[in-house]
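These are my notebook entries on a structure that I looked up.

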Amino acid sequence: MELKPCVNIRQEWDIVGARQLGREKAKELGFGTVDQARIATAISELARNIYLYAGTGKVYFETIDHLDKKGLKIVAVDEGPGIRDLSQVMQDGYSTSGGLGAGLPGVKRLMDTFEINSEWGEGTEITAVKWVR
Amino acid sequence: MRIPILKLHNYLLISIQIDLDDQSAIQFQEDLLNKIHKSGATGVVIDLTSVDIIDSFIAKVLGDVVTMSDLMGAKVVLTGIQPAVAMTLIELGIHMQDVQTALDLEQGLIKLRQELEG
């Protein structure tokens with residue numbers, strides 16, 4: 001099996017590194033400029049959440065190449081404190097860090113599929129896919 | 001990385017041409033406010049033509065710097081926001097309603113002159 005490309009999020013600059021790699025992958029797959037911006041922005045939000053709330057974590061990229069459709073899957077994983085109330089973090093404007101509270105609900109709107117798994121005290125895993133149209 | 005801030009008469013001109021990381025964005029916020037203070041500029045144009053991503057953090061820093069400059073007495077216009085960036089911002093849920101914008105640097109300067117000279 002091919003090793004999935006991954007960016008370690010350890011410092012603030014890694015957020016930029018992750019979204020640049022994501023944009024490159026998106027371009028290779030044939031996404032248009034607007035979708036490239038959507039994907040890069042979504043990665044930026046996910047990577048920042050890792051940096052802000054968990055300290056460290058990883059963002060994986062996986063190319064999906066089926067016969068009938070192609071896409072990019074992004075998986076953001078951390079072993080941070082986890083999310084206590086999932087419904088709360090999916091509300092627009094909710095933030096515990098003084099941000100705009102646009103992050104997760106925004107990522108959901110920018111991507112085609114969005115899945116979040118989080119165990120309080122165990123960490124968080126977010127998977128999001130964008131399909132090439 | 002420091003973003004250069006140019007002075008032209010009463011105006012300050014900034015063209016952001018790097019992929020903004022959080023630290024550079026915050027540094028820019030501070031540099032711009034100091035420059036307004038030192039130069040007595042009444043208008044600022046921040047050109048975003050070369051910026052191909054604005055996430056929620058950068059949007060917050062930009063929105064804040066507009067409000068902060070306004071508090072100091074300088075009007076800010078953001079110019080050159082790319083179509084993809086505008087679409088992404090709205091989908092993120094960020095509307096930046098109190099922020100003046102213009103299509104490009106030239107239109108931005110015209111807008112500032114209209115606002116400042118009535």
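I counted two residues as in contact if their C-beta atoms, placed from the backbone, lie within 7 Å. I noted that this is a predicted model, in which local features need pLDDT of at least 70 and side-chain atom pairs count only at pLDDT 80 or more, while totals for chains, interfaces and linings use all residues. Residues are numbered from 1 along each chain as its sequence is written, and chains are lettered from A and ligands numbered from 1 in the order in which they are written.

Entry on the chain contact. I found 24 residues of chain A in contact with 19 residues of chain B. I took helices (H or I, at least four residues) and strands (E, at least two) as DSSP runs, numbered from the N terminus. On the side of chain A that touches chain B, α1 (13-29), α2 (33-54) and α4 (103-110) of chain A each supply at least two residues. The most comes from α2(A), with nine residues.

Entry on the sheet. I recorded an open sheet of five strands in chain A, in the order β1-β2-β3-β5-β4, with antiparallel pairing; two strands pair if DSSP finds at least two bridges between them. Because β1 (6-9) and β4 (113-119) of chain A stand at the edges, each with a single partner strand, one side of each is left without a neighbour in the sheet.

Entry on one strand pair. I saw that β2 (residues 57-65) and β3 (residues 70-78) of chain A pair in the antiparallel sense over nine bridges. I looked up A:Thr63 and found its bridge partner in β3(A) to be A:Leu72.
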